[in-house]
Amino acid sequence: MAAARAAPPRRPRLLLPLLVTLLLPAPSDGFGPSAELAFAVEPSDDVAVPGQPVVLGCRVEGTPPVRITWRKNGVELPESTHSSMLANGSLLISRFQLDQGGSPSDEGDYECVAQNRFGLVVSRRARIQAATMSDFHVHPQAAVGEEGGVARFQCQIHGLPKPLITWEKNRVPIDTDNERYTLLPKGVLQITGLRAEDSGIFHCVASNIASVRVSHGARLTVSGAGSGAYKEPAILVGPENLTLTVHQTAVLECVATGNPRPIVSWSRLDGRPIGVEGIQVLGTGNLIISDVTVQHSGVYVCAANRPGTRVRRTAQGRLVVQAPAEFVQHPQSISRPAGTTAMFTCQAQGEPPPHVMWLKNGQVLGPGGHVRLRNNNSTLTISGIGPEDEAIYQCVAENSAGSSQASARLTVLWAEGLPGPPLNVQAVSVSPTEVQVSWDEPLVNTKEIIGYVLHIRKAADPPELEYQEAVSKSTFQHLVSDLEPSTAYSFYIKAYTPRGASSASAPTLASTLGEAPAPPPLSVRVLGGSSLQLLWEPWPRLAQHDGGFKLFYRPASKTAFTGPILLPGTVSSYNLSQLDPTAVYEVKLLAYNQHGDGNATIRFVSLRGASERTALSPPCDCRKEEATDQTSATGIVIGIHIGVTCIIFCVLFLLFGQRGRVLLCKDVENQLSPPQGPRSQRDPGILTLNGAGRGERGQLGRDGKRVDAKELEQLFPSAGAAGQPASRPNPRPTQDPGAHALWEETRLSMLPLQGFGRREEMALEAKAPRTGPAAALPPQEVGPGLLSEGQAPWPSATPAAQPACSGQ
């Protein structure tokens, strides 16, 4: 194979450059690496001396020609004899000056701006300040110390750049090689192991490129040796709170005294180790951390320990290390077809966390229209891109410690021969949930259209929440359904071909029609013999549409309603009082808005059961005593033999002609409307004739009515002895004349249902002659065996079982 390759030596050399040229876009088209406009050198912060020259560096890479300009405080800086641009793009200020005699100051924020045919980029901001030196605002003070003790002098002064502090004794610079003399960068002089020759006058000298200043003199007097008596350890000066930037040096001071001389140690309050790299102790206890990082932030504790004991004193100071913003993910240049979505991502870190903003060709880019910023501005999304979106986008991250920028270019790909945008897009609302959208065919290049795509979103939603529906190429209208009533929607359309999509049509807005509200869920609770409480869910949105609730009620025997009672949409309950305790009431609740009244929710409620239950037993806390009552009722029921129950029923059936309350419930239920509203809002305490399902009504038949032993004795005095026939009770007179006609079809005893389970009730019905609707129910058989104590008498009602009256 080597020989075969060597046979035509020139052909591969000629074809390879040609293939590369054909497969790779030319740099002049903006796709090669050299097309990316970027900064190789950016200007940096600087301090300038008035009257001296200043140079701000700037070097740009990218497809030529590249035009470079400068901005000062956001305004383009014109070239002049005072400031000019060098050949490499840097800015030269020949003579830095402050604001004097009407001429502007050269202090400010400078930016280098580079532009080529693909877009524009802006460098980071560089702050240029004039060198200054203030007067001393803290001068050293005179001090007196004992031989062997400690002396400390301090001075403070501000300047740009930060002044260098040195000390003089008797106008002679201090010998820094003397280990007893410690000079801290912040302007502190410490002298340990004092001697008589240390006495003298000390001056603080501050110098930078702007000036040199000398403080007032401070005298040090060293007295004779101390008494040598024991002295508790004490910290004269502890560490101060410091805020630094990464790579600076932190000096944490700690001066301790005592006899014997205490041992100074350092620790972190959070228990983390201080480490050894870049850490040193200066003098007798000062902690120096060079090249600080964010991990060095924390609270540092200086401790002065008496040797050989646990006696110690502590002082602490907080070190905060800030880090300029830097990128952990740069935005990448992308190419996208027109009409699609472009996304740039840029993530930066720093301390404190940086703020991120975006620039488009050097101008601040905010959210709005088809531009969306998410994730704390770290993600830029541009939907439905067009030629006007082709630009250079910059991510700028900035915090109090500094700023950084990164750029990427968006290239919009546009195929030739694509159809124009659909025309005359119109949207008309046809119902509360439907909008009819129509449009006209594009003007040009329509032969290759394979279909249209309709873009839909709520007008108040961001663009990324839109959804699409495809439409045939021969259809120029589309019915959009499943919309929300009284809501504004935005629509636009694109025509699609095998080579891509057209640009988007002009968007159009349409609002769906409004509609009356749905029936509200309603629950009814009996509060007493003559009071009801109505409960429902509040609808705050009704108030926003001039709506609320309307309440009607009437006795079931009457035709006219009382009402409407108008209630606001924020109300969720209403009490009805002074009602007839012997009547069945119909309650109707509906919601309304500006579009009219919605359908009503209807409930039938019987107050008779609550009145009779109150007469039989005094009020009690049924929730607290529920378990006790259930056990008592169950024990009484299982104590009565099934045979005794049959005998009692037969005797009462022969003696009395009163109608049974069971059939009354059946007849009323057959005449009233079916239950409405969600089942979840019902509970055993809510008494409605038509509001319970079979399972719930069966539960009411077992647990909703209970009777104790005293009540049974009142109704059946001879039932105490098993197997003995019951004496004839006094028949209860009918209190409702209107209901008397309903009871003429059959004659049943007044056997109280609340004391018996469902199966026993059905057994009684099986022995009674059946007429009317009740005759269609098959009889239930009851086993002869007795239930053991504590056993549930009948676990559940069968589907064919007639439900107990929920109004009892």
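**Strands and disulfides in a predicted model**

User: Which two strands form a hairpin, and how many residues stand between them?

Analyst: The hairpin is made by β30 and β31 with 6 residues between them, and in the turn Gly-308 has a positive phi of about 80 degrees. This is a predicted model, in which local features need pLDDT of at least 70 and side-chain atom pairs count only at pLDDT 80 or more, while totals for chains, interfaces and linings use all residues. Residues are numbered from 1 along each chain as its sequence is written, and side-chain values use heavy atoms, with hydrogens and water left out.

User: What counts as a strand, and when do two strands pair?

Analyst: Strands (E, at least two residues) and helices (H or I, at least four) are DSSP runs numbered from the N terminus, and two strands pair if DSSP finds at least two bridges between them. In this structure β30 covers residues 298–305 and is joined by 8 bridges to β31 (residues 312–329), the two running antiparallel. Within this pairing, Gly-298 has Leu-319 of β31 as its bridge partner.

User: With which other strand does β30 pair, and over how many bridges?

Analyst: β30 also pairs with β27 (residues 263–268) in the antiparallel sense, over 6 bridges. Here Val-301 in β30 is the bridge partner of Ser-267.

User: How should I judge whether β30 is buried or exposed?

Analyst: Buried means under 20% relative accessible area, exposed means over 50%, and partly exposed lies in between (1.4 Å probe, protein chains only). By that rule β30 is mostly covered, as 8 of its 8 residues are buried.

User: What is the strand order in the open sheet of 3 strands, and why do some strands stand at its edges?

Analyst: The order is β41-β42-β45, with antiparallel pairing. β41 (423–431) and β45 (477–480) each have a single partner strand, so one side of each is left without a neighbour in the sheet, and that places them at the edges. Neighbouring strands of this sheet are turned by 20 degrees against each other on average, direction ignored; axes are lines fitted to C-alpha atoms, for helices over the stretch in contact, and angles run from 0 to 180 degrees between N-to-C directions. Between β41 and β42 (residues 434–440) there are 6 bridges, and Gln-426 stands opposite Ser-438 in β42.

User: How many disulfides does a search of the whole structure find?

Analyst: A disulfide is a pair of cysteine sulfur atoms within 2.5 Å, and the search finds 4 of them. When the bonded cysteines are numbered in sequence order, the pairing reads 1-2, 3-4, 5-6, 7-8.

User: What does the disulfide of Cys-155 tie together?

Analyst: Cys-155 is joined to Cys-204, with S to S 1.9 Å. Cys-155 lies in the loop between β14 (150–154) and β15 (159–160), and Cys-204 in strand β20 (residues 200–207), so the pair ties together parts that are 49 residues apart in sequence. Cys-155 counts as buried because its relative accessibility is 1%, and Cys-204 does so at 0%.
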